[in-house]
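Here is a short report on the pockets of one protein model. Look at the sequence and structure first, then read on.

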Amino acid sequence: MKLSQFKVLTFDVVGTLIDFETGVLNAVRALGGPKAAAASDDDIFEPYKRGRDKFYGRSSFAMKDVYLSLAAERGFQNDEATAEAFQLAVLRWPAFADSVDALRRLRKNFRLVAMTNADRTAFSAYSATLENPFHDSVTCDETGCAKPDPRFFAFNKGRQSAHGFRQSEILHVAQSQYHDIGVAKAEGYTTCWIERRQGQKGFGGTPDPKVLTKPDFHFSTLKQLADAVDAELDTSRVAA
């Protein structure tokens, strides 16, 4: 199997292209007072995940309640103004250092499609941060559900089919074993795991998967994926 055989790359956005973990940690430590500033990553991520489970609505609205939940649990500064500031910070989460350039390179050879649990408002902010690389996008607003719900992947399969692409021509690229790799594989997608936390303990701000799913392709950065595609194409040109 070669990367260059695919026509469409579908991307998880938050966690794969957008560094939400850094965004969450920086915002909580900056806004939550002295106790938050001194908190470990796990002391922030664990109540963050529990808060997101409780407040699973659209990310451009629900994240202020996620902050209030984690702040109350950990004894951080806990008021509406701070929560609103955290909500605004969610829309300003940074891209990973390699995301913009790698997407620009990949766009030369593939149709790029975002598949994100972010709502349309939040995704618009992330797309702008990434310099708007996508040909198409699917958010929770269109699907009416969120990954890892298999219906999300079925929705995208139908959408890309309407544009003339078969599922065998799609490679799903994602960081989250929980939200993406396991369910995408089960739904018949070829998968590429971008293991952003390679060498780090645990799963950070992402829920733990029940099992690790072996992907079809595996890299630790998006740059490595773009490099591998370029190397394949260079080899093909030389052979021709």
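## Second largest pocket

The second largest pocket has a volume of about 310 Å³. A pocket here is an open set of points on a 1 Å grid over the protein atoms alone, where a 1.4 Å probe fits, with protein on both sides within 12 Å along at least five of seven lines. Points are joined across faces, edges and corners, and the volume is the space filled by probe spheres set on them.

This is a predicted model: local features need pLDDT of at least 70, side-chain atom pairs count only at pLDDT 80 or more, and totals for chains, interfaces and linings use all residues. Residues are numbered from 1 along each chain as its sequence is written, and side-chain values use heavy atoms, without hydrogens and water.

## Its lining

Lining residues have an atom within 4 Å of a point. The second largest pocket has 22 of them, and Glu-21, Phe-45, Arg-197, Gln-200 and Gly-204 lie nearest its centre. Helices are DSSP runs (H or I, at least four residues), numbered from the N terminus. α3 gives the most, with 5 residues.

By class, this lining has 10 charged, 7 polar and 5 nonpolar residues. Asp, Glu, Lys and Arg count as charged; Ala, Val, Leu, Ile, Met, Phe, Trp, Tyr, Cys and Pro as nonpolar; the others, Gly among them, as polar.

## Largest pocket

The largest pocket has a volume of about 700 Å³. Its lining holds 30 residues; Arg-52, Asn-117, Ala-146, Lys-147 and His-179 are the closest to its centre. α3 (41–54), α4 (59–74) and α10 (177–186) each give two or more residues. The largest share, 4 residues, comes from α3.

The classes here are 14 nonpolar, 9 polar and 7 charged.
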